[in-house]
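Welcome, and let us walk through this structure together.

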Amino acid sequence: MTTTQNPDTTSPTRTGTITGPASISPRGRTALATTAALTSLALASTACTGSSEADAPSTPPASDARTTTAPPKVLLLGDSVGQDVALALDAAFEASGVEFESLASDGGGNVVGPFSEEQWETLPEEVETAEPGLVIYQITGYDWGTEKEQREGYEKLVDTVTEVDATLLFVTMPPIEPDEFYEPHMEDLDRAPEVARSVAADSEGRAEVLEAGEVWGEDYRASRDGEPDRNPDGIHLCPQGAARLTHWMLDELQGRFPDITPAAPEEWADTGWASDDRFGAC
């Protein structure tokens with residue numbers, strides 16, 4: 001995975017350490033919890049959906065270019081939340097035989113709002129160089145601006161992705177507990193998914209929105225099933241949250257790209273990524 005970072009001293013930072021029983025390492029404790037949570041999620045999904053794949057409704061492709069002979073390369077764009085999930089996505093895509101690259105960055109990564117002018121100076125060339133078949137844009141906590149500005153930024157992203165013959169998927173951001181840094185911009189952030197949906201609806205199949213509210217619910221929740229799910233800072237993800245989002249995203253992609261066969265969580269949840277320093281406050 002390739003990740004670029006834009007340092008931003010004004011954005012929230014992570015602090016703290018992972019604690020657990022002395023007989024289990026932080027990495028082992030987190031991986032075990034993550035694997036258990038995902039296994040429970042998979043079993044629950046099976047119970048809810050019924051007994052056979054034939055009974056499940058098919059997901060129509062967003063364009064005629066969906067069926068390929070090999071899984072498309074996936075390129076991730078986003079901010080520090082995107083970087084959180086990129087660690088899990090990298091492991092899951094590798095286990096699934098899908099090429100993956102991340103351009104998500106701390107303190108930026110947005111295509112509208114602050115820092116976006118700098119982003120657009122290099123983004124088109126970076127997307128072209130990556131040669132993706134699919135671009136995922138994790139809507140960022142910096143997507144500030146008027147409705148018109150948001151629409152222009154998202155439409156420009158659709159055009160940029162289309163120019164390299166790729167498909168764009170917006171992913172809605174997780175609910176946050178805004179601090180004084182984010183509070184003045186919550187109206188913009190609340191509007192961003194709606195604007196993305198409108199842009200996708202007008203894109204003639206070139207873009208789509210994945211509604212991650214299915215994963216997070218409507219409100220920020222620090223823990224699930226007795227384990228840390230979101231960073232105590234109210235913004236970022238813990239390994240379990242990153243893994244849950246990844247598991248859901250891979251299932252969503254499989255319905256759109258028949259050549260993507262997601263690996264079982266047991267094949268990627270305990271591969272070391274959960275011990276990354278990014279998750280230190282979890």
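Let us start with strands E4 and E5 (residues 207-210), which run parallel and are joined by 4 bridges. Two strands count as paired if DSSP finds at least two bridges between them. Within this pair, Val171 stands opposite Leu210 in E5. The chain gets from E4 to E5 through H5, and this β-α-β crossover is right-handed. Right-handed means that, with the strands pointing away from the viewer, the path from the first strand over the helix to the second runs clockwise.

Before going further, a word on what you are looking at: this is a predicted model, in which local features need pLDDT of at least 70, side-chain atom pairs count only at pLDDT 80 or more, and totals for chains, interfaces and linings use all residues. Residues are numbered from 1 along each chain as its sequence is written, and side-chain values use heavy atoms, with hydrogens and water left out.

Strand E4 also pairs with E3: the two run parallel, joined by 5 bridges. Here Val135 stands opposite Leu168 in E4. Another right-handed β-α-β unit is made by E3, helix H4 (residues 147-162) and E4.

How much of E4 is buried? The answer is 5 of its 5 residues, so E4 is largely enclosed by the rest of the structure. Buried means under 20% relative accessible area, exposed means over 50%, and partly exposed lies in between (1.4 Å probe, protein chains only). In a regular strand the side chains alternate between the two faces of the sheet. Both faces of E4 are covered, with Thr167, Leu169 and Val171 buried on one side and Leu168 and Phe170 buried on the other.

Moving along, we come to E1, which pairs with E3 in the parallel sense over 4 bridges. Val74 stands opposite Leu134 in E3. E1 is covered on both faces: Val74 and Leu76 are buried on one side, Leu75 and Leu77 on the other. E1 is also joined to E2 by 3 bridges, and these two strands run parallel. Together, E1, H2 and E2 make a right-handed β-α-β unit.

In E2, Ser102 is the bridge partner of Leu76. Ser102 is buried, with a relative accessible area of 0%. Its side chain reaches the backbone nitrogen of Ala104 at 3.2 Å. This is a polar contact, a pair of N or O atoms within 3.5 Å; within protein, one must be able to donate a hydrogen and the other to accept it, and residues adjacent in sequence count only if both atoms are side-chain atoms.

Now let us look inside. In soluble globular proteins, nonpolar side chains tend to be buried together. A nonpolar core is a set of buried Ala, Val, Leu, Ile, Met, Phe, Trp, Tyr and Cys residues joined through side-chain atoms within 4.5 Å. The largest one here has 47 residues, and those with the most contacts inside it include Leu89, Phe93, Tyr182 and Trp268. Several elements each supply at least two residues of this core, among them strand E1 (74-77), helix H2 (80-96) and strand E4 (167-171). The largest share, 9 residues, comes from H2. Apart from this core lies another, of 26 residues, including Val111, Leu168, Ala192 and Val195.

Most residues other than glycine have a negative phi, and most peptide bonds are trans. Phe115 has a positive phi of about 75° although it is not a glycine. Phe115 lies in the loop between E2 and helix H3 (116-130) and is partly exposed, with a relative accessible area of 34%. Asp225, also not a glycine, has a positive phi near 55°. Asp225 is in the loop between strand E6 (223-224) and strand E7 (227-228), and at 69% relative accessibility it counts as exposed.

Finally, step back to the whole chain. Its secondary structure comes to 7 helices and 7 strands. Of its 282 residues, 51% count as buried.
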